[in-house]
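Trainee: Could you walk me through this structure, starting with how you use the burial words?

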Amino acid sequence: MAVGREDVEILKPRIDKREYRRIVLRNSLQVLLISDLDTDKCAASMNVGVGSFCDPDGLEGLAHFLGSTNAFTASEMTNYFFDVNIDCFEEALDQFAQFLIKPLMSADATMREIKAKNLLSDAWRMNQKHLSLESHPYHKFSTG
C-alpha cells in the first residue's frame with residue numbers, strides 16, 4: 001500500500017517513548033504512524049484541507065455537517081478521528097475509510113443534524129456574523 005517513505009526527522013520530546021514513522025500512499029496521502037506499547041487503544045485521524053471557508057453560498061455549515069461527529073471543522077481544514085480497543089482496530093479502520101469514501105446521507109440523519117446545529121444560538125450567530133465583513137468567508141455561519 002505504501003509507495004514512499006521519505007526520511008523526515010520527526011521532532012518529539014525526550015520523554016516521548018512512542019515510535020513514529022511517516023509513509024506516503026500511492027494517492028499522495030501522507031500518513032504518520034505512531035506506536036505506543038503502553039496503551040490499550042488504537043486510533044486514526046484524517047485531516048483534509050477543506051473547512052468552513054470553502055462552504056458554498058447557500059450551504060453554510062456544509063463542511064461541519066460532513067464532519068460533526070468525531071470530527072472538528074476549522075476555517076481551512078476538517079479533521080476526522082476515532083479511537084477503539086486494540087482488538088477492534090482493523091474493522092473500525094475499514095468503517096472509517098468507508099465513511100470517507102462513501103458517506104451515508106440519509107434524509108432522517110440530515111434532518112437530525114440540521115436541528116442539532118447552533119443555528120438558534122445567539123452567541124454563535126453574533127460571534128460570526130456580527131464581527132466580520134459580509135464579503136469575508138468568516139461571515140458565513142460555519143457550524144450548521
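Mentor: Buried means under 20% relative accessible area, exposed means over 50%, and partly exposed covers what lies in between, computed with a 1.4 Å probe on protein chains only. This is a predicted model, in which local features need pLDDT of at least 70 and side-chain atom pairs count only at pLDDT 80 or more, while totals for chains, interfaces and linings use all residues. Residues are numbered from 1 along each chain as its sequence is written, and side-chain values use heavy atoms, with hydrogens and water left out.

Trainee: OK, how many salt bridges does the structure hold?

Mentor: There are two, where a salt bridge is a side-chain nitrogen of Lys or Arg within 4 Å of a carboxyl oxygen of Asp or Glu. One of them links the side chains of Arg 18 and Asp 16, at 3.0 Å from N to O.

Trainee: Is Asp 16 buried or exposed?

Mentor: Asp 16 is buried, at 10% relative accessible area, whereas Arg 18 is partly exposed at 34%.

Trainee: And which residue forms a salt bridge with Lys 41?

Mentor: That is Asp 83, with the closest N and O atoms 3.7 Å apart. Helices (H or I, at least four residues) and strands (E, at least two) are DSSP runs, numbered from the N terminus. Both partners are partly exposed, Asp 83 at 46% relative accessibility and Lys 41 at 38%.

Trainee: How do β4 and β6 run, parallel or antiparallel?

Mentor: They run antiparallel and are joined by eight bridges, two strands being counted as paired if DSSP finds at least two bridges between them. Within this pairing, Met 46 stands opposite Tyr 80 of β6.

Trainee: What is the strand order in that open sheet?

Mentor: The order is β4-β6-β5, three strands with antiparallel pairing. β4 and β5 are the edge strands, each pairing on one side only, and the twist from one strand to the next averages 10°. Helix α2 (residues 89–101) packs on this sheet and touches β4 and β6, its direction making about 160° with that of β6. Contact here means heavy atoms within 4.5 Å, and axes are lines fitted to C-alpha atoms, for helices over the stretch in contact, with angles running from 0 to 180 degrees between N-to-C directions.

Trainee: What joins β5 to β6?

Mentor: A hairpin does, through four residues; β5 (residues 71–73) and β6 are antiparallel and share three bridges, with Phe 72 opposite Asn 79.

Trainee: Switching topic, where does Arg 22 lie?

Mentor: Arg 22 is in strand β2 (residues 19–25) and is buried at 16% relative accessibility. Its side chain makes a 2.8 Å polar contact with that of Gln 30, meaning a pair of N or O atoms within 3.5 Å, where within protein one must be able to donate a hydrogen and the other to accept it, and residues adjacent in sequence count only if both atoms are side-chain atoms. β2 pairs with strand β3 (residues 30–35) in the antiparallel sense over six bridges, and Tyr 20 has Ile 34 as its bridge partner. The two strands form a hairpin with four residues between them, and Ser 28 in the turn has a positive phi of about 75°.
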